Amino acid sequence: MNEIHLNRARDPAFIKETEERSGQDIGTCYQCGNCTAGCPAAFVYDRQVNQIMRGVQLGLKDQVLSSVSLWYCLSCSMCTLRCPNNIDVAGVMETLRHMAREQGYITAPKMEKFWMSFLDTVRAFGRTYEVGTMALYMMRSLRLGTDLDLAPAALKLRKLPFIPHAATAATGRIIERYMKRAEKEGKRK
Ligand code: SF4
Ligand code: SF4
């Protein structure tokens with residue numbers, strides 16, 4: 001487990017950017033730890049979610065953006081539900097993951113490849129397409145055959161459709177709007 005070191009260089013612009021992009025008032029976090037107590041991914045995190053919130057409050061950009069926790073977060077929103085200050089903690093984690101990718105802090109490269117493969121299938125088909133996600137991930141990571149042992153059970157439960165779901169017009173419009181905004185802000189990579 002990595003600690004947050006308070007004596008490192010602080011970056012006020014990082015606090016401002018995180019708050020603006022996530023739309024959250026992170027200064028209201030009083031470190032109760034409820035988010036961490038309910039986080040199902042806490043056991044693989046190098047820094048717990050409340051430590052990450054504290055790191056943002058203190059402007060410790062390098063430590064926060066280099067946390068592998070950002071890549072292991074499941075976006076389940078349990079932390080958001082449990083926060084007594086109504087902070088969308090999961091939204092902050094998502095924002096930080098985007099910032100980490102844009103600014104070259106990819107500390108879990110295989111997870112980044114998985115995220116990109118997942119997003120590519122959502123972009124193409126309007127929602128996740130498991131077979132496509134795994135095929136793209138295997139090609140990008142060169143982990144050919146990874147998790148194939150899970151396929152028979154998933155097939156039995158009909159969780160691995162070979163034909164992708166058709167994209168809905170609404171999903172297409174959301175993705176198009178996001179891409180245009182990201183390009184305008186120079187954040188699309
Ligand atoms: S639950 Fe909210 S207030 Fe408590 S530590 Fe987490 S972010 Fe901070
Ligand atoms: S959204 Fe991420 S940080 Fe929050 S509880 Fe879920 S896994 Fe943990």
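Reader: Which element gives the largest share of the shell around ligand 2?
Author: In this predicted model, local features need pLDDT of at least 70 and side-chain atom pairs count only at pLDDT 80 or more, while totals for chains, interfaces and linings use all residues. Residues are numbered from 1 along each chain as its sequence is written; chains are lettered from A and ligands numbered from 1 in the order in which they are written. Helix H6 (78-82) and helix H7 (89-102) each supply at least two shell residues (helices are DSSP runs of H or I, at least four residues, numbered from the N terminus). The largest share, 3 residues, comes from H7.

Reader: How many charged residues does the shell around ligand 2 have?
Author: The residues that come nearest ligand 2 are Cys39, Cys73, Cys76, Cys79 and Ala90 (near: C-beta, placed from the backbone, within 6 Å). Ala and Cys count as nonpolar, Asp, Glu, Lys and Arg as charged, and Gly as polar. By class, the shell has 12 nonpolar residues, 3 polar and, of charged ones, no residues.

Reader: Which helices give two or more residues to the shell around ligand 1?
Author: Among the 15 residues surrounding ligand 1, the closest are Cys29, Cys32, Asn34, Cys35 and Cys83. Two or more shell residues come from each of helix H2 (34-38) and helix H3 (49-57).

Reader: Is Gln31 buried or exposed?
Author: Gln31 has a positive phi of about 60 degrees without being a glycine. Gln31 sits in the loop between helix H1 (12-22) and H2. Buried takes 20 or more other C-beta atoms within 10 Å, exposed 12 or fewer, with partly exposed in between. Because Gln31 has 12 C-beta neighbours inside 10 Å, it counts as exposed.
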